[in-house]
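Thanks for coming, everyone. Please bring up the model on your screens, and I will walk you through it.

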Amino acid sequence: IALAVGYCLDTKSGVNAAVVQSTRSGRITWRSSVSPDPSEYQGWRFSDDPFSEDGLDLALALCVTHDVISDVRAYLAKADLQVGRILSCSLPFGASNTVIKDADHAKLLADQLSSYLRSNRTITERQSNLHIFAAAPNGLIFFIGQISRSFGSCVLYEYDFDGSAPGAYEPSFMFPP
């Protein structure tokens, strides 16, 4: 839902929205500053993994609070999707609930992801679907949603925590609607 809200309240909407993020210290309003300093935060580590030679789509695995690569691979192995490669995004100190420090960090990561996707997707991938698998704070997902119109056609997947079987994903939202 955070991605959908961000998509609807994109950066050009004129709405000054913020996310209330649950943290170990309690609930905190995450509102990014106008010009955060990128030198204060760790950025993404990107890893490309080929998946299928016949695939046209790109799968995006955001490994922030958990490493989701094995579950994404398990899901893609059983799903009938046209995925050619998996782009894994992680942070240098590993996955945890505290790896994203605040709203400025989340906003910078969203912007860095957008820039990377613009520069590193093939023409075919930009014309095809971007499949998004994320284990990340809602604040980050909201900021990604705000800039996701530039991603083209996207499918967001939700993990079934109750079942917790390997690859227990289901499509949740498709953009544009």
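Let me begin with a term. A charge sits over a ring if NZ of Lys or CZ of Arg is within 6 Å of the ring centre and within 35 degrees of the ring normal. Here is a case. The charged end of R149 sits over the ring of Y7. The distance to the ring centre is 4.1 Å. Keep in mind that this is a predicted model.

Now the overall layout. The protein has five helices and eight strands. Starting at the N terminus, the order reads α-β-β-β-β-α-β-α-α-β-α-β-β. The radius of gyration is 16 Å, close to the 16 Å that the globule rule gives for 177 residues, so the protein is as compact as a globular protein of that length. Along the principal axes, the C-alpha atoms fill a box of roughly 45 × 35 × 30 Å. Of the 177 residues, 46% count as buried. What about contacts along the chain? Take those between residues at least 6 apart in sequence: 77% of them join residues at least 24 apart.

On to the helices. Start with α2, residues 69-78. Which of its residues are buried? They are I69, D71, V72, Y75 and L76. Viewed down the helix axis, these fall within an arc of 165 degrees, so they line one face of α2. On the other side, S70, A77 and K78 are exposed. What does the buried set pack against? Strands β4 (57-63), β5 (83-90), β6 (130-135), β7 (154-159) and β8 (169-175).

Next, α5, residues 138-147. Nine of its 10 residues are buried, so this helix is largely enclosed by the rest of the structure. The buried ones are G139, L140, I141, F142, F143, I144, G145, Q146 and I147. Their packing partners include helices α1 (2-8) and α3 (103-120). Strands β1 (19-23), β2 (26-30), β4 and β6 are partners too.

Now zoom in on F133, in strand β6. Is F133 buried or exposed? It counts as buried, because its relative accessibility is 0%. Leave out residues up to four places away in sequence, and F133 touches A59, L60, A61, L62, V68, V72, Y75, L76, Y157 and Y169. Look at L60 in that list. F133 and L60 are 73 residues apart along the chain, yet their C-alpha atoms are separated by 6.0 Å.

F133 also brings us to the aromatics. How many aromatic pairs does the structure hold? The count is 12. Ring pairs link F133 with Y75, Y157, Y159, F161 and Y169 into a cluster.

Stay with Y75 for a moment. A168 is 93 residues from Y75 in sequence, and the two are 6.7 Å apart in space, C-alpha to C-alpha. A168 is in the loop between β7 and β8. With a relative accessible area of 12%, A168 is buried. Setting aside residues up to four places away in sequence, it touches E158, Y159 and D160.

Strand β8 comes next. S172 is found there. At 34% relative accessible area, S172 is partly exposed. Neighbours within four places aside, S172 is in contact with L156, Y157 and E158. Compare S32, which is 140 residues away along the chain. The C-alpha atoms of S172 and S32 are separated by 27 Å.

P176 lies in the segment after β8.

Last, the cysteines. How many disulfides are there? The count comes to zero. C63 is in no disulfide either: the nearest cysteine sulfur, that of C89, is 7.6 Å away. What about accessibility? C8 counts as exposed, at 56%. C63 is buried, at 4%.

That is the tour. I am happy to take questions.

Note on methods. Residues are numbered from 1 along each chain as its sequence is written. This is a predicted model: local features need pLDDT of at least 70, side-chain atom pairs count only at pLDDT 80 or more; totals for chains, interfaces and linings use all residues. Side-chain values use heavy atoms; hydrogens and water are left out. Rings of Phe, Tyr and Trp (its six-membered ring) pair if their centres lie within 6.5 Å; planes under 30 degrees apart count as stacked, over 60 as edge-to-face and the rest as tilted. A disulfide is a pair of cysteine sulfur atoms within 2.5 Å. Buried means under 20% relative accessible area, exposed over 50%, partly exposed in between (1.4 Å probe, protein chains only). Helices (H or I, at least four residues) and strands (E, at least two) are DSSP runs, numbered from the N terminus. The arc is that of the directions from the helix axis to the C-beta atoms. Contact means heavy atoms within 4.5 Å. The radius of gyration is taken over C-alpha atoms; the globule rule is 2.2 Å times the number of residues to the power 0.38.
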